[in-house]
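Student: I have a structure open and want to go through it with you. Can we start with the overall make-up and then move to the details?
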Amino acid sequence: MTAAAPTDADLIAAHAAGDPTAFSEIVRRHKDRMWAVALRTLRDHEEAADALQEAFISAFRAAGKFRAESAVSTWLHRIVVNACLDRIRKRQARPTVPLPDTDEYREPAAPGDTMAQRETRMLISDALADLPDEQRVPIVLVDIEGYSVAETASLLGVAEGTVKSRCARGRAKLAKVLHHLRNPGANANVPPHESKRGSTATAQDPARGHQQGSPRQREGQ
């Protein structure tokens with residue numbers, strides 16, 4: 001009878017006890033998901049790779065303090081998000097260079113995606129990338145990663161009202177670009193002045209189409 005695979009918490013405990021291979025297994029299990037989080041937040045491959053490396057180094061060093069008050073995946077997720085936010089703050093503190101008009105920061109398509117799904121993912125990625133950091137980051141955290149407004153406010157170091165207002169402004173911008181994803185072809189037989197009214201629909205649903213589960217949902221996985 002095959003022994004059950006160790007849980008994430010078992011591996012963290014083994015790592016803290018000196019097992020030289022336990023943390024490598026943690027990285028193997030979670031690196032793809034954490035990479036997607038870093039890339040979506042920073043929209044730059046090099047920055048995301050550096051943030052992810054810093055996050056895993058921090059997790060390696062802090063594993064002995066893990067108290068299992070949340071899932072290991074949630075704990076790692078917070079470390080990765082904070083590493084990304086640190087990079088965004090540093091980037092805002094120095095002169096910025098416009099990003100090249102390339103696909104470098106787009107997430108790779110999932111193997112099972114159809115062409116239509118891939119095109120939708122690209123449209124959403126482009127729309128998010130066009131938002132300023134102060135709007136994109138809270139939308140990624142709340143609408144895509146599933147954090148509450150209070151948790152997002154704590155991560156960003158701002159008031160909850162600020163998170164709400166930034167999300168609202170960002171969603172309004174996304175709505176103008178992504179409203180056609182809610183009802184493809186809806187404008188085909190609609191007069192121009194009527195189609196403009198439809199652009200006020202929220203972009204929250206298209207953005208959530210990019211979602212892969214909230215931290216709380218992932219705790220049960």
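Student: How many helices and strands are there in the protein?
Tutor: There are 11 helices and zero strands. Bear in mind that this is a predicted model.

Student: And what pattern does the protein follow along the sequence?
Tutor: It reads α-α-α-α-α-α-α-α-α-α-α.

Student: What share of the residues count as buried?
Tutor: Of the 221 residues, 41% count as buried. As for contacts between residues at least 6 apart in sequence, 66% of them join residues at least 24 apart.

Student: Let's go inside. Which residues have the most contacts inside the largest nonpolar core?
Tutor: Trp75, Leu76 and Val80 do, in a core of 33 residues. The elements giving two or more residues to this core are helix H1 (8–16), helix H2 (22–42), helix H3 (45–62), H4, helix H6 (133–144) and H7.

Student: Which of them gives the largest share?
Tutor: H4, with 10 residues.

Student: What does tryptophan 75 touch?
Tutor: Leaving out residues up to four places away in sequence, tryptophan 75 touches Ile12, Ala59, Ala62, Ala63, Phe66 and Ser70. There is also a second, separate core of 13 residues, which includes Leu128, Ile139, Ile144 and Val163.

Student: New topic: aromatics. How many aromatic pairs does the structure hold?
Tutor: Two. One is formed by phenylalanine 23 and phenylalanine 60, an edge-to-face pair with 5.3 Å centre to centre and 90 degrees between the planes.

Student: Where in the chain do phenylalanine 23 and phenylalanine 60 sit?
Tutor: Phenylalanine 23 is in helix H2 and phenylalanine 60 is in helix H3, 37 residues apart, so the pair links distant parts of the chain. Phenylalanine 23 is buried, at 6% relative accessible area. Phenylalanine 60 counts as partly exposed, at 45% relative accessibility.

Student: Which residues form the other pair, the tilted one?
Tutor: Phenylalanine 66 and tryptophan 75, with 5.1 Å centre to centre and 50 degrees between the planes.

Student: Is phenylalanine 66 buried or exposed? What about tryptophan 75, buried or exposed?
Tutor: Phenylalanine 66 is buried, with a relative accessible area of 14%. Tryptophan 75 counts as buried too, at 14% relative accessibility.

Student: Now helix packing. At what angle do the axes of H4 and H7 cross?
Tutor: The axes of helix H4 (residues 72–92) and helix H7 (residues 149–156) cross at roughly 50 degrees and come within 10 Å. That angle makes H4 oblique to H7.

Student: Which residues make the contact?
Tutor: On the H4 side, Arg78, Val81, Asn82, Leu85 and Arg89; on the H7 side, Glu151, Leu155 and Leu156. By class, the contact has four nonpolar, one polar and three charged residues.

Student: Back to H6. Why is H6 described as largely enclosed by the rest of the structure?
Tutor: Because 11 of its 12 residues are buried.

Student: Which ones are they?
Tutor: The buried residues of H6 are Asp133, Gln135, Arg136, Val137, Pro138, Ile139, Val140, Leu141, Val142, Asp143 and Ile144. Two of these, Ile139 and Ile144, are also included in the second core.

Student: What follows H6?
Tutor: Glycine 146, which has a positive phi, near 85 degrees.

Student: I also clicked on arginine 166. Where is it found, and what does it touch?
Tutor: Arginine 166 is found in helix H8 (residues 160–182). It touches Glu134, Gln135, Pro138 and Val158, not counting residues up to four places away in sequence. Of these, Gln135 and Pro138 are among the buried residues of H6.

Student: How far apart are arginine 166 and proline 132?
Tutor: They are 10.0 Å apart in space, C-alpha to C-alpha, and 34 residues apart in sequence.

Student: Last topic, backbone angles. What is phi of arginine 43?
Tutor: Near 50 degrees, a positive value in a residue other than glycine. Arginine 43 lies in the loop between H2 and H3.

Student: Is arginine 43 buried or exposed?
Tutor: It counts as buried, at 17% relative accessibility.

Student: And what about phi of alanine 68?
Tutor: Alanine 68 is not a glycine either, yet its phi is positive, about 60 degrees. Alanine 68 lies in the loop between H3 and H4.

Technical notes. Residues numbered from 1 in each chain as written. Predicted model: local features only at pLDDT ≥ 70, side-chain atom pairs only at ≥ 80, totals over all residues. Heavy atoms only, no water. Axes fitted to C-alpha atoms, helices over the stretch in contact; angles between N-to-C directions. Helix = DSSP H or I, 4+ residues; strand = E, 2+ residues; numbered from the N terminus. Parallel < 35°, antiparallel > 145°, perpendicular 65-115°, else oblique. Contact = heavy atoms within 4.5 Å. Nonpolar A, V, L, I, M, F, W, Y, C, P; charged D, E, K, R; others polar. Core = buried A, V, L, I, M, F, W, Y, C linked by side-chain atoms within 4.5 Å. Buried < 20%, exposed > 50% of the residue type's maximum accessible area, 1.4 Å probe, protein only. Phe/Tyr/Trp six-rings, centres within 6.5 Å; stacked < 30°, edge-to-face > 60°.
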